[in-house]
Each structure stands twice: as structure tokens, then as C-alpha cells.
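Take the points in order and find each piece as you go.

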Amino acid sequence: MELIESPLQDLKKEVSTGTTIIAVQYQDGVIIGADSRTSSGSYAVNRVTDKLTPVHDYIYCLRSGSAADTQIIASYVSYYLNMFSIEEGCLPTVKKAAHMFREFCYQNKQYLLASIIVAGWDEENGGCVYNVPLGGSIIKQPFAIGGSGSSYLYGYCDIHFKENMTEEEAISFVSKGITEAIARDGSSGGICRIATINKDGVKRRTIYGNELQKFWEK
Amino acid sequence: MQKGGFNFDLYQRNVELIEKNNYKVPKTTKTGTTIVGVVFSDGVVLGADTRATSGPIVADPNCEKIHRISDYIWCAGAGTAADTENTTGMISLQLELLSLSTGRSPRVRTALTLLKNFLFRYHGYISAALVLGGVDFTGPHLHMIHPHGSTSTLPYISMGSGSLAAMAVLETGYNSKMGEEDAKSLVHQAILSGILNDLGSGGNVDLCVIKHKSMEFFRNIDTTNSKRKFRKKLPYMFKSGSTKILEKQIKEKMEKMEIVNEKESQIEELEEL
């Protein structure tokens with residue numbers, strides 16, 4: 001019975017975005033990147049997922065953990081942020097968005113499995129990156145990595161990160177990181193989705209699987 | 001223990017049991033479904049197999065797994081039959097009320113949000129895995145919804161126990177410029193693949209083609225898998241005289257009733273009750 005049940009058991013598991021997500025501050029704003037695999041056990045349920053979720057015009061969140069939990073949290077935060085920004089008549093700060101995420105994740109920590117990176121641009125502070133990991137803590141960082149694939153990137157990021165990078169440098173930093181994590185982490189894969197957020201808005205791009213840079217392997 | 005892929009841990013033991021101990025190999029139990037959805041140039045095609053099982057027994061060899069949410073929004077469901085039917089039924093009525101109160105035809109996205117929020121509240125205990133497809137004024141849409149409430153929007157989707165077999169067919173055959181006939185044929189092949197290769201799916205193939213302001217339901221478009229050689233013809237027809245008559249009793253029919261007294265019932269009487 002084991003042989004027959006294995007694939008069925010996979011499909012019954014909760015869908016998670018076992019993933020790699022990166023966000024980095026650069027000169028004019030932030031660059032965010034993610035892989036595109038959503039898995040249920042060892043079956044890739046969606047190989048072209050978009051983990052870069054907008055919560056407001058200039059603020060995005062990167063989702064990792066349970067797909068259902070993070071989708072619902074993002075939609076709640078997006079709703080409240082929009083309500084507040086309409087009431088206040090101005091764009092929300094990234095800090096407000098991040099703290100809202102933190103509030104949801106911390107107050108409901110028993111029920112949720114969500115590790116989120118909040119990144120965006122606002123007028124007062126320029127580009128900001130906040131990391132809201134599993135327990136619901138919040139920390140502002142110049143760059144943040146998350147998800148199962150991030151374990152393979154701590155060394156890479158520590159060595160290659162520089163303050164005030166240009167857009168090209170930052171995109172290269174993020175895309176190489178995602179590529180490396182996809183190569184090494186089984187739960188990350190597919191394509192690399194990248195977005196640039198600055199005062200001019202959000203610009204999205206995709207790097208397809210076969211275009212991802214190959215390092216030492218031929 | 002490694003999950004997924006092949007596991008040959010018990011192979012040796014099984015061989016020994018069968019050969020030496022004359023062990024009877026247990027019958028495979030069938031549970032599950034194959035449901036598929038594909039977006040094509042003008043709309044969406046949904047497909048499903050038709051077997052409903054209750055443990056080792058086929059409870060319904062020809063059930064309907066494609067449910068109506070609204071005229072041009074349909075939903076195929078895998079998992080517990082009661083859960084899929086009632087969830088889709090509930091959301092169908094909520095959507096109807098919403099559409100009446102807003103005065104607008106319903107959108108697929110609305111059905112998606114209602115379904116995902118409902119399922120999320122029950123933390124996956126409502127075992128309904130759905131493929132939601134339809135055409136509204138914004139165009140054709142196709143979404144997959146998992147029991148825990150996570151959703152994905154994709155051009156082609158397969159769910160249920162036969163999803164791996166169906167996905168193999170979809171990945172091979174899908175292209176973004178498909179027309180209606182190609183899409184129907186692809187969905188048909190994908191469901192057949194699930195029926196033939198997955199132990200959990202069986203029966204006939206149902207198809208549902210949704211385009212702008214048009215919906216065609218092809219119930220049992222393919223019944224080749226149900227042609228059992230020795231199936232008894234239903235309904236049971238017994239030759240007259242096959243049952244032995246033991247006793248005869250003749251009762252007179254009641255006489256016609258006469259109207260003796262007419263009286264109009266008044267509404268006030270009812271209200272008093």
C-alpha cells in the first residue's frame with residue numbers, strides 16, 4: 001500500500017511556498033526577487049507562482065511558508081492599508097505595512113506558518129526592507145532573505161552586498177542569489193521573478209529558467 | 001524516510017509472502033478523482049471523471065463532479081463529495097444574492113475569493129480541492145483552490161489523485177494559442193489518462209466548455225471505460241409469470257367522494273394559528 005499511497009499523500013499535504021525570497025535596498029529604492037515554485041510535499045503544484053504580492057502601490061510583500069496563510073494575511077493587510085491610506089489621504093509608509101504584517105503574524109502565531117519580507121518605497125525613507133519571520137518579530141535590514149532556499153545564500157549575501165548599489169548591480173545581486181538557491185534547494189525552482197520599486201513605480205521582469213546564469217557547471 | 005519517488009523497502013518481504021506463505025495480494029482500493037481545466041483563446045474547458053467511491057465500493061459509477069456556481073462560472077471538485085457539493089452550492093447562492101444586490105453579472109474572481117475565505121476558516125478540514133473556471137466580462141479565468149484555502153491562477157490545471165497522470169498530458173499538449181477543439185481534445189485526453197493510469201479515477205469523461213455568454217455541458221462524452229461486458233441491463237425487467245402467485249385478494253375501489261358542504265377558508269384563521 002505504501003507504493004500506491006505516496007503520491008496521494010503528497011497531494012493531501014498543505015501547500016507551502018518552500019521558497020527563496022530576497023529583497024535589497026539600492027540607491028533609488030528596493031529590488032525584490034523570488035523563485036516560482038509552490039510545492040505540496042514533493043509535487044510542484046504551481047511552477048510559475050508569483051510570490052511578489054502587492055499590498056499597495058509602492059509596497060510589496062514576499063511570501064514564504066504556508067501558501068494559504070500568506071495569501072490571506074497579504075489580502076487582509078492590503079485591505080487595511082488601502083482603508084487607512086484613503087482615510088489619511090496619503091500613501092502608507094513601508095514601516096506601517098510591515099508593522100501591520102507583524103501584528104497579524106504575532107497575534108496569531110499559533111495558527112499561522114508565515115515568514116514574510118515587506119519591501120517598498122515611500123517618500124520619507126526611500127527604499128525600505130523589513131523582515132517579518134516565523135514568530136512575528138520585525139527587523140529593518142538593508143537586505144533580507146527568506147524561505148528554505150535562503151540557507152544557501154547567507155554567505156553569498158554577506159560577501160556581495162554593498163550599500164547604495166545601482167539598479168543593475170542590485171538586480172544582478174538578487175538574480176544571482178535566486179539562481180544559486182534554485183540550483184541548490186529542492187523546494188525552490190522554476191523562473192526568477194524580479195521587481196524594482198522606486199519613486200517611478202513598480203517595474204516587473206522575469207528571468208526564465210533557461211536564461212538563469214550557470215556558474216561553475218557547464 | 002524519503003517521501004515521493006519509488007520506495008522498494010518492502011519488495012523482498014512481499015515476494016517472500018506471495019511465494020512462500022501463499023499470501024493473497026490485497027485488492028487495490030479506489031478513491032479519488034481526476035479533474036482538469038484548460039484556458040483557450042475564447043474561454044475555458046473543464047473536465048472530470050465520474051467515479052464516486054465509498055471505501056472499496058463504487059458508490060456512484062456516473063456522478064457529476066462539475067458543479068454550477070453561476071451560468072458561466074463552473075467548478076469541478078475533488079475530495080470528499082459532500083464537501084465539494086455543499087461548498088460549491090453555498091458559494092453559488094451567495095454569488096447569486098451578491099449579483100442581485102449589485103445588479104451586475106458575477107465575476108470568477110468573486111467566486112474565488114468567497115471559496116478561498118470559506119475554506120481557509122476551516123483549516124483544511126473541509127476536504128474540497130476545486131478547479132474553478134468561467135468567463136465573465138473581464139475574460140476567461142481558471143483557478144485552482146486547495147483545501148487549506150490557497151489559490152493559484154494558471155492556464156492549465158489538474159487536481160485529484162489522477163492529477164499527476166493528467167498533468168503529464170497537459171504539459172505535453174498545451175500551447176497558448178489553442179482553439180476550442182484542441183482544448184476539448186486535450187482535456188479529454190488528460191481525463192482519460194487519469195482514468196486509465198490512476199487507480200483512483202474511473203467511469204466516463206464529462207466536459208464543460210464555457211465561452212462568453214455560452215456554456216455547453218458534454219455529459220458522458222466518452223463512455224468507453226464503462227462498457228462492462230457482463231453488466232446487467234437496468235431497470236430489472238422480469239417476464240410476466242416469473243413469480244409464482246400464492247394468493248389472490250380483490251378489494252373494491254373506493255367510491256367517488258361527494259362534495260357535501262362548501263366553505264371558504266378565511267385568511268384570518270390561518271394567522272391565528
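1. The sorting counts Ala, Val, Leu, Ile, Met, Phe, Trp, Tyr, Cys and Pro as nonpolar, Asp, Glu, Lys and Arg as charged, and the others, Gly among them, as polar.

2. Some housekeeping before we go on. This is a predicted model, so local features need pLDDT of at least 70 and side-chain atom pairs count only at pLDDT 80 or more, while totals for chains, interfaces and linings use all residues. Residues are numbered from 1 along each chain as its sequence is written, chains are lettered from A and ligands numbered from 1 in the order in which they are written, and side-chain values use heavy atoms, with hydrogens and water left out.

3. How do α2(B) and α3(B) cross? Their axes come within 10 Å, at roughly 130°. Axes here are lines fitted to C-alpha atoms, for helices over the stretch in contact, and angles run from 0 to 180 degrees between N-to-C directions. The two helices are therefore oblique to each other; angles under 35 degrees count as roughly parallel, over 145 as roughly antiparallel, 65 to 115 as roughly perpendicular and the rest as oblique. The crossing is right-handed, a label used if the near helix is turned clockwise from the far one by less than a right angle, with anticlockwise giving left-handed.

4. Now let the chains meet. Helix α2 of chain A (residues 67-88) packs with α3(B) (residues 108-121) at an angle of about 120°, the axes being 11 Å apart. That makes α2(A) oblique to α3(B). This crossing is left-handed. A:A68, A:D69, A:Q71 and A:I72 meet B:K116, B:N117 and B:F120, giving 3 nonpolar, 2 polar and 2 charged residues.

5. Stepping back, chain B has 6 helices and 12 strands. These are DSSP runs, numbered from the N terminus: helices are H or I with at least four residues, strands E with at least two. Of the 273 residues in chain B, 40% are buried, meaning under 20% relative accessible area (1.4 Å probe, protein chains only).

6. Next, find the open sheet of chain B, with 5 antiparallel strands in the order β5-β6-β7-β8-β9. Two strands pair if DSSP finds at least two bridges between them. At the edges are β5 (66-70) and β9 (151-153), each pairing on one side only. The twist averages 25° from one strand to the next. Helix α2(B) packs on this sheet, touching β5, β6 and β7, and its direction makes about 15° with that of β5(B).

7. Finally, chain A: which strands make up its open sheet? The order is β11-β2-β3-β12-β13, paired antiparallel. Within it, 5 bridges join β2(A) to β3(A), and A:A23 has A:I32 as its bridge partner. Helix α5 (residues 167-184) lies across β2, β3, β12 and β13 of chain A, running at about 20° to β3(A).

How values were computed
Contact means heavy atoms within 4.5 Å. Buried means under 20% relative accessible area, exposed over 50%, partly exposed in between (1.4 Å probe, protein chains only).
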